[in-house]
Amino acid sequence: MALTQPAEPAGQLEHLERWVTELRVRGLGDEANLDRLQAVLAQAHGERLDTPAVPLLVVMLCGPTAVGKSSLINAIAGAEISCPGLGAATSAAVLYVHERDDLSRLFEYGEAVGQLARQPHTVIRHRRDGLLHKVLIDTPDIDSVVRQHGELTAALVHTADVVLFVTTPEKYKTMQAAQWVAQQRRQGAMAFVLNKWDRDGIGLQYDCREVVEHDFRRLL
């Protein structure tokens, strides 16, 4: 059975008000009951339930194995909300959602991400107010040996508002990553992050990292 997208409270109120008006115009329904319903609708307006929900911003991170997607999520959050090093073993995307955001609203972004939000083991709730109304999605590695991992990541590309392709100085020229980007960029624009750019991450190439940056931009 197909799942229906939950309606916004503002939209529900609008439909109910039109329904009550039509009942009165057509002389249908008991006036006392209609008055009570009208009072409930007025109370809902008083509680500001007619105000549209703040839109969510869905940011998806993707890329090859061990490029630091989880560490980047922690940097964005300003706290340890992710467990670095587990990306290569994960078989599903992980959604990082503020505890005050409504998970059911993710169905607005399609069946794939909505279904993920229904699975407790794929959702991590946090209290980072800087990420309120912003959902981060950490996806399985695109070069995983398990074909379904790459398929899941590809399926989520078109559901996100922002797609961040994360790579490193060691991996940005791999052919598999380039082919994946060439296929998925038809779904929408991508932003690219050259991660592990500090001295420890880039190692002996630190002094010539400007050359690596120039080559990365040329490749893009």
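User: With which residue does K173 form a salt bridge?

Analyst: This is a predicted model, in which local features need pLDDT of at least 70 and side-chain atom pairs count only at pLDDT 80 or more, while totals for chains, interfaces and linings use all residues. Residues are numbered from 1 along each chain as its sequence is written, and side-chain values use heavy atoms, with hydrogens and water left out. A salt bridge places a side-chain nitrogen of Lys or Arg within 4 Å of a carboxyl oxygen of Asp or Glu. For K173, the closest N and O atoms are 3.3 Å apart, and the partner is D215.

User: Is D215 buried or exposed?

Analyst: Buried means under 20% relative accessible area, exposed over 50%, and partly exposed in between (1.4 Å probe, protein chains only). The relative accessible area of D215 is 15%, so D215 is buried.

User: What distance, N to O, separates the side chains of D141 and K69 in their salt bridge?

Analyst: D141 and K69 are 72 residues apart. Both residues are buried. Their side chains meet in a salt bridge with an N to O distance of 2.7 Å.

User: Which residues are linked with R24 in a network of salt bridges?

Analyst: D35 forms a salt bridge with R24, with the closest N and O atoms 2.9 Å apart. At 42% relative accessibility, D35 is partly exposed, and R24, at 30%, is partly exposed. The network links R24 with E31 and D35.

Technical notes
Helices (H or I, at least four residues) and strands (E, at least two) are DSSP runs, numbered from the N terminus.
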